[in-house]
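Please open the model in your viewer and keep the selection panel at hand.

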Amino acid sequence: MAVTEQDGAPLAPGLYLVATPIGNLEDITLRALRILRSVDRIACEDTRQTQKLLNHFGIETKTTSVHEHNEAGRAAGLIDDIRKGERIAVVTDAGMPGISDPGMHLARAAIEARLAVIPVPGANAALTALIASGLDTERFLFEGFLPPKQGARQARLEALRASLSEDAAPLTVVLYEAPHRILETLADIAVVYGSECRVALARELTKLHEEFLRGPAAEVAAQLQERDRVRGEMVLLVEMRPAAAGEAAAPVSLLERIRELAASEGLDEMAALKKIAKERGVSKSEIYRELQRVRNKK
Ligand code: SAM
(Lines give C-alpha, C1' and ligand atoms only; values in the text may rest on other atoms or scores of the structure.)
Protein backbone atom coordinates (compact mmCIF):
# COMPACT_ATOMS: atom_id res chain seq x y z
CA MET A 1 0.00 0.00 0.00
CA ALA A 2 1.23 3.49 -0.77
CA VAL A 3 2.97 5.16 2.20
CA THR A 4 0.30 7.86 2.04
CA GLU A 5 -2.39 5.36 3.08
CA GLN A 6 -0.86 3.24 5.85
CA ASP A 7 -2.63 1.64 8.81
CA GLY A 8 -6.02 3.30 8.38
CA ALA A 9 -4.38 6.70 9.06
CA PRO A 10 -6.07 9.71 7.44
CA LEU A 11 -5.17 10.19 3.78
CA ALA A 12 -2.06 12.29 3.21
CA PRO A 13 -2.33 15.49 1.17
CA GLY A 14 -1.92 14.84 -2.54
CA LEU A 15 -3.50 14.41 -5.94
CA TYR A 16 -5.36 11.09 -6.23
CA LEU A 17 -6.00 10.04 -9.86
CA VAL A 18 -8.95 7.68 -9.45
CA ALA A 19 -10.26 5.37 -12.19
CA THR A 20 -14.05 4.94 -12.34
CA PRO A 21 -16.17 2.33 -14.20
CA ILE A 22 -16.62 2.46 -17.99
CA GLY A 23 -20.15 1.05 -17.75
CA ASN A 24 -20.56 -1.62 -15.10
CA LEU A 25 -20.60 0.03 -11.67
CA GLU A 26 -19.27 -3.16 -10.07
CA ASP A 27 -15.92 -2.26 -11.64
CA ILE A 28 -15.25 0.46 -9.07
CA THR A 29 -12.56 -0.75 -6.66
CA LEU A 30 -12.83 -0.85 -2.87
CA ARG A 31 -9.81 1.45 -2.69
CA ALA A 32 -11.38 3.95 -5.11
CA LEU A 33 -14.51 4.08 -2.92
CA ARG A 34 -12.48 4.62 0.25
CA ILE A 35 -10.44 7.37 -1.35
CA LEU A 36 -13.45 9.15 -2.89
CA ARG A 37 -15.06 9.09 0.57
CA SER A 38 -11.93 10.36 2.35
CA VAL A 39 -10.62 13.17 0.14
CA ASP A 40 -11.55 16.81 0.73
CA ARG A 41 -12.75 17.37 -2.82
CA ILE A 42 -13.32 15.49 -6.06
CA ALA A 43 -12.35 17.32 -9.26
CA CYS A 44 -14.68 15.97 -11.97
CA GLU A 45 -14.90 16.28 -15.72
CA ASP A 46 -18.69 16.65 -15.42
CA THR A 47 -19.99 17.14 -11.90
CA ARG A 48 -23.51 15.92 -12.78
CA GLN A 49 -22.18 12.67 -14.22
CA THR A 50 -19.91 12.01 -11.23
CA GLN A 51 -22.69 12.93 -8.81
CA LYS A 52 -24.71 9.96 -10.11
CA LEU A 53 -21.80 7.65 -9.28
CA LEU A 54 -21.33 9.22 -5.85
CA ASN A 55 -25.06 8.99 -5.07
CA HIS A 56 -25.06 5.32 -6.06
CA PHE A 57 -22.33 4.59 -3.52
CA GLY A 58 -23.60 7.02 -0.85
CA ILE A 59 -20.50 9.26 -1.05
CA GLU A 60 -21.02 12.84 0.09
CA THR A 61 -17.65 14.43 -0.80
CA LYS A 62 -17.80 17.89 -2.40
CA THR A 63 -17.14 18.09 -6.14
CA THR A 64 -15.54 20.74 -8.33
CA SER A 65 -15.38 20.95 -12.11
CA VAL A 66 -12.16 20.35 -14.07
CA HIS A 67 -12.61 19.60 -17.76
CA GLU A 68 -10.45 19.72 -20.87
CA HIS A 69 -11.14 23.44 -21.41
CA ASN A 70 -10.27 24.66 -17.92
CA GLU A 71 -7.81 22.04 -16.64
CA ALA A 72 -4.64 24.03 -17.27
CA GLY A 73 -6.20 27.16 -15.72
CA ARG A 74 -7.57 25.34 -12.65
CA ALA A 75 -4.32 23.51 -11.96
CA ALA A 76 -2.59 26.37 -10.09
CA GLY A 77 -5.47 26.83 -7.61
CA LEU A 78 -5.81 23.10 -6.93
CA ILE A 79 -2.06 22.73 -6.47
CA ASP A 80 -2.14 25.57 -3.93
CA ASP A 81 -4.92 23.79 -2.05
CA ILE A 82 -2.90 20.55 -1.92
CA ARG A 83 0.10 22.53 -0.67
CA LYS A 84 -2.13 23.81 2.15
CA GLY A 85 -2.89 20.21 3.08
CA GLU A 86 -5.91 19.23 0.96
CA ARG A 87 -6.44 15.78 -0.50
CA ILE A 88 -7.91 16.10 -3.98
CA ALA A 89 -9.20 13.27 -6.17
CA VAL A 90 -9.49 13.59 -9.93
CA VAL A 91 -12.08 11.51 -11.79
CA THR A 92 -13.46 11.67 -15.33
CA ASP A 93 -16.83 10.58 -16.69
CA ALA A 94 -15.47 7.05 -17.17
CA GLY A 95 -12.22 5.15 -16.94
CA MET A 96 -8.80 6.51 -16.15
CA PRO A 97 -8.04 10.21 -15.80
CA GLY A 98 -5.40 11.36 -18.28
CA ILE A 99 -6.24 8.76 -20.93
CA SER A 100 -7.97 10.76 -23.70
CA ASP A 101 -9.42 12.68 -20.75
CA PRO A 102 -8.37 15.48 -18.36
CA GLY A 103 -5.77 14.65 -15.73
CA MET A 104 -2.36 15.01 -17.36
CA HIS A 105 -1.94 18.76 -16.72
CA LEU A 106 -2.88 18.41 -13.09
CA ALA A 107 -0.54 15.46 -12.58
CA ARG A 108 2.33 17.38 -14.21
CA ALA A 109 1.64 20.50 -12.16
CA ALA A 110 1.59 18.48 -8.92
CA ILE A 111 4.84 16.69 -9.83
CA GLU A 112 6.45 20.02 -10.65
CA ALA A 113 5.35 21.35 -7.26
CA ARG A 114 6.86 18.21 -5.63
CA LEU A 115 3.49 17.10 -4.32
CA ALA A 116 2.36 13.48 -4.04
CA VAL A 117 0.54 12.07 -7.09
CA ILE A 118 -1.18 8.80 -6.29
CA PRO A 119 -2.65 6.63 -9.08
CA VAL A 120 -5.69 4.60 -8.09
CA PRO A 121 -6.09 2.07 -10.93
CA GLY A 122 -9.27 0.55 -12.30
CA ALA A 123 -11.29 0.35 -15.51
CA ASN A 124 -9.93 1.61 -18.81
CA ALA A 125 -11.60 1.06 -22.18
CA ALA A 126 -8.39 0.60 -24.21
CA LEU A 127 -6.88 -2.19 -22.10
CA THR A 128 -10.24 -3.86 -21.48
CA ALA A 129 -10.79 -4.09 -25.25
CA LEU A 130 -7.21 -5.16 -25.95
CA ILE A 131 -7.15 -8.20 -23.69
CA ALA A 132 -10.24 -9.74 -25.35
CA SER A 133 -9.44 -8.64 -28.91
CA GLY A 134 -7.53 -11.74 -29.97
CA LEU A 135 -4.83 -9.45 -31.41
CA ASP A 136 -1.28 -9.20 -30.09
CA THR A 137 -1.32 -7.95 -26.51
CA GLU A 138 2.46 -7.99 -26.12
CA ARG A 139 3.19 -5.10 -28.46
CA PHE A 140 0.56 -2.42 -28.73
CA LEU A 141 0.33 1.29 -29.29
CA PHE A 142 -2.37 3.47 -27.77
CA GLU A 143 -3.32 6.16 -30.28
CA GLY A 144 -6.67 7.35 -28.87
CA PHE A 145 -8.83 9.34 -31.28
CA LEU A 146 -7.66 9.70 -34.91
CA PRO A 147 -8.16 13.09 -36.61
CA PRO A 148 -11.80 13.61 -37.66
CA LYS A 149 -11.00 14.62 -41.26
CA GLN A 150 -10.37 11.86 -43.79
CA GLY A 151 -7.14 13.25 -45.29
CA ALA A 152 -5.52 13.77 -41.91
CA ARG A 153 -6.82 10.41 -40.67
CA GLN A 154 -5.33 8.47 -43.59
CA ALA A 155 -2.08 10.42 -43.26
CA ARG A 156 -1.92 9.57 -39.55
CA LEU A 157 -2.48 5.86 -40.30
CA GLU A 158 0.32 6.03 -42.86
CA ALA A 159 2.63 7.83 -40.45
CA LEU A 160 2.00 5.16 -37.80
CA ARG A 161 2.95 2.43 -40.24
CA ALA A 162 5.99 4.37 -41.42
CA SER A 163 7.23 4.33 -37.81
CA LEU A 164 7.46 0.48 -37.97
CA SER A 165 10.71 -0.88 -39.30
CA GLU A 166 10.39 -3.20 -42.32
CA ASP A 167 11.10 -6.38 -40.36
CA ALA A 168 9.03 -5.48 -37.29
CA ALA A 169 6.43 -7.89 -35.89
CA PRO A 170 2.78 -6.77 -36.14
CA LEU A 171 1.71 -4.21 -33.59
CA THR A 172 -1.82 -3.69 -32.25
CA VAL A 173 -2.97 -0.09 -32.58
CA VAL A 174 -5.66 0.85 -30.06
CA LEU A 175 -8.09 3.57 -31.17
CA TYR A 176 -11.07 5.25 -29.59
CA GLU A 177 -13.81 5.97 -32.12
CA ALA A 178 -17.26 7.50 -32.24
CA PRO A 179 -20.15 5.47 -33.70
CA HIS A 180 -20.93 8.05 -36.39
CA ARG A 181 -17.36 7.80 -37.72
CA ILE A 182 -16.57 4.12 -37.39
CA LEU A 183 -17.46 3.19 -40.99
CA GLU A 184 -15.30 5.99 -42.40
CA THR A 185 -12.40 4.94 -40.20
CA LEU A 186 -12.73 1.27 -41.19
CA ALA A 187 -12.77 2.36 -44.85
CA ASP A 188 -9.57 4.36 -44.32
CA ILE A 189 -7.93 1.41 -42.60
CA ALA A 190 -8.84 -0.78 -45.58
CA VAL A 191 -7.38 1.83 -47.97
CA VAL A 192 -4.14 2.38 -46.05
CA TYR A 193 -3.45 -1.09 -44.53
CA GLY A 194 -5.47 -3.22 -46.98
CA SER A 195 -8.98 -4.68 -46.72
CA GLU A 196 -7.58 -7.91 -45.22
CA CYS A 197 -6.08 -6.03 -42.27
CA ARG A 198 -7.35 -7.74 -39.08
CA VAL A 199 -9.32 -5.62 -36.67
CA ALA A 200 -11.42 -6.08 -33.53
CA LEU A 201 -14.21 -3.71 -32.67
CA ALA A 202 -15.19 -3.69 -28.98
CA ARG A 203 -18.56 -2.07 -28.34
CA GLU A 204 -20.29 -1.20 -25.08
CA LEU A 205 -17.63 -2.83 -22.91
CA THR A 206 -18.78 -4.08 -19.50
CA LYS A 207 -22.38 -3.09 -20.35
CA LEU A 208 -25.46 -5.17 -21.10
CA HIS A 209 -24.93 -5.13 -24.89
CA GLU A 210 -21.17 -5.69 -24.89
CA GLU A 211 -20.08 -6.97 -28.28
CA PHE A 212 -16.88 -7.85 -30.14
CA LEU A 213 -16.67 -7.96 -33.94
CA ARG A 214 -13.43 -9.54 -35.13
CA GLY A 215 -12.11 -10.09 -38.64
CA PRO A 216 -10.73 -8.30 -41.71
CA ALA A 217 -11.52 -4.55 -41.78
CA ALA A 218 -13.79 -4.88 -44.83
CA GLU A 219 -15.82 -7.72 -43.24
CA VAL A 220 -16.32 -5.88 -39.96
CA ALA A 221 -17.45 -2.81 -41.94
CA ALA A 222 -19.88 -4.98 -43.95
CA GLN A 223 -21.37 -6.39 -40.71
CA LEU A 224 -21.92 -2.88 -39.38
CA GLN A 225 -23.44 -1.71 -42.67
CA GLU A 226 -26.16 -4.35 -42.35
CA ARG A 227 -27.45 -2.58 -39.22
CA ASP A 228 -29.99 0.24 -39.21
CA ARG A 229 -27.77 2.27 -36.96
CA VAL A 230 -24.39 1.87 -35.33
CA ARG A 231 -24.49 2.93 -31.71
CA GLY A 232 -22.57 2.77 -28.49
CA GLU A 233 -19.11 3.54 -27.25
CA MET A 234 -16.36 1.71 -29.05
CA VAL A 235 -12.69 0.81 -29.17
CA LEU A 236 -11.15 -0.24 -32.48
CA LEU A 237 -8.05 -2.42 -32.44
CA VAL A 238 -6.01 -2.78 -35.59
CA GLU A 239 -3.27 -5.26 -36.42
CA MET A 240 -0.68 -3.04 -38.07
CA ARG A 241 2.03 -4.71 -40.15
CA PRO A 242 4.97 -2.98 -41.83
CA ALA A 243 4.33 -2.03 -45.48
CA ALA A 244 5.05 -5.01 -47.77
CA ALA A 245 7.86 -4.68 -50.31
CA GLY A 246 6.59 -2.83 -53.37
CA GLU A 247 3.61 -1.40 -51.52
CA ALA A 248 3.28 2.38 -51.73
CA ALA A 249 4.79 3.23 -48.37
CA ALA A 250 4.53 6.54 -46.57
CA PRO A 251 8.08 7.77 -47.33
CA VAL A 252 7.30 7.92 -51.07
CA SER A 253 4.05 9.71 -50.46
CA LEU A 254 5.85 12.26 -48.30
CA LEU A 255 8.02 13.31 -51.23
CA GLU A 256 4.99 13.26 -53.52
CA ARG A 257 3.06 15.45 -51.12
CA ILE A 258 5.96 17.96 -50.95
CA ARG A 259 5.98 18.12 -54.77
CA GLU A 260 2.19 18.46 -54.87
CA LEU A 261 2.21 21.36 -52.40
CA ALA A 262 4.98 23.09 -54.33
CA ALA A 263 2.99 22.75 -57.56
CA SER A 264 -0.47 23.59 -56.22
CA GLU A 265 0.32 26.17 -53.52
CA GLY A 266 3.84 27.28 -54.36
CA LEU A 267 5.10 26.18 -50.92
CA ASP A 268 8.81 25.81 -50.34
CA GLU A 269 10.03 22.65 -48.61
CA MET A 270 9.91 24.02 -45.05
CA ALA A 271 6.40 25.40 -45.51
CA ALA A 272 5.28 22.12 -47.09
CA LEU A 273 6.73 20.11 -44.18
CA LYS A 274 4.90 22.35 -41.72
CA LYS A 275 1.63 21.80 -43.54
CA ILE A 276 2.15 18.02 -43.88
CA ALA A 277 2.95 17.74 -40.16
CA LYS A 278 -0.39 19.44 -39.41
CA GLU A 279 -2.25 17.18 -41.86
CA ARG A 280 -0.74 14.07 -40.29
CA GLY A 281 -1.17 15.21 -36.72
CA VAL A 282 2.57 14.80 -35.95
CA SER A 283 5.31 17.25 -34.98
CA LYS A 284 7.38 19.16 -37.55
CA SER A 285 10.54 17.47 -36.27
CA GLU A 286 8.96 14.02 -36.78
CA ILE A 287 8.17 14.86 -40.42
CA TYR A 288 11.64 16.34 -40.87
CA ARG A 289 13.22 13.13 -39.55
CA GLU A 290 11.04 11.10 -41.92
CA LEU A 291 12.25 13.21 -44.84
CA GLN A 292 15.86 12.64 -43.80
CA ARG A 293 15.21 8.87 -43.65
CA VAL A 294 13.68 8.90 -47.14
CA ARG A 295 16.56 10.92 -48.56
CA ASN A 296 19.17 8.69 -46.92
CA LYS A 297 17.55 5.64 -48.49
CA LYS A 298 17.82 7.05 -52.02
N1 SAM B 1 -10.50 7.81 -19.91
C2 SAM B 1 -11.27 6.80 -20.58
C3 SAM B 1 -10.59 5.46 -20.41
O4 SAM B 1 -9.74 5.31 -19.52
O5 SAM B 1 -10.91 4.51 -21.12
C6 SAM B 1 -11.51 7.14 -22.04
C7 SAM B 1 -12.24 8.43 -22.25
S8 SAM B 1 -12.50 8.84 -23.91
C9 SAM B 1 -13.06 10.49 -23.77
C10 SAM B 1 -14.02 8.05 -24.27
C11 SAM B 1 -13.86 6.96 -25.32
O12 SAM B 1 -13.44 5.75 -24.68
C13 SAM B 1 -15.16 6.60 -26.00
O14 SAM B 1 -15.44 7.46 -27.08
C15 SAM B 1 -14.88 5.19 -26.47
O16 SAM B 1 -14.09 5.21 -27.64
C17 SAM B 1 -14.06 4.65 -25.30
N18 SAM B 1 -14.94 4.00 -24.31
C19 SAM B 1 -15.28 4.47 -23.08
N20 SAM B 1 -16.11 3.60 -22.48
C21 SAM B 1 -16.28 2.56 -23.33
C22 SAM B 1 -17.03 1.35 -23.28
N23 SAM B 1 -17.78 1.03 -22.22
N24 SAM B 1 -16.98 0.51 -24.35
C25 SAM B 1 -16.23 0.82 -25.43
N26 SAM B 1 -15.51 1.95 -25.52
C27 SAM B 1 -15.53 2.80 -24.49
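**Around the ligand**

Select domain 1 (14-123) and then domain 2 (127-240), with bounds from an automatic or database domain assignment: both give residues to the shell around the ligand, so the ligand lies between them. This is a predicted model, in which local features need pLDDT of at least 70, side-chain atom pairs count only at pLDDT 80 or more, and totals for chains, interfaces and linings use all residues. Residues are numbered from 1 along each chain as its sequence is written, and side-chain values use heavy atoms, with hydrogens and water left out.

Next, select the 19 residues that surround the ligand, the closest being Met96, Ile99, Asn124, Ala125 and Met234; a residue counts here if one of its heavy atoms lies within 4 Å of the ligand.

Now display the polar contacts (pairs of N or O atoms within 3.5 Å). An oxygen atom of the ligand is 2.6 Å from a polar backbone atom of Met234, an oxygen atom is 2.8 Å from one of Met96, and a nitrogen atom is 2.8 Å from one of Ile22.

How values were computed
Polar contact = N/O pair within 3.5 Å; in protein donor to acceptor, adjacent residues only side chain to side chain.
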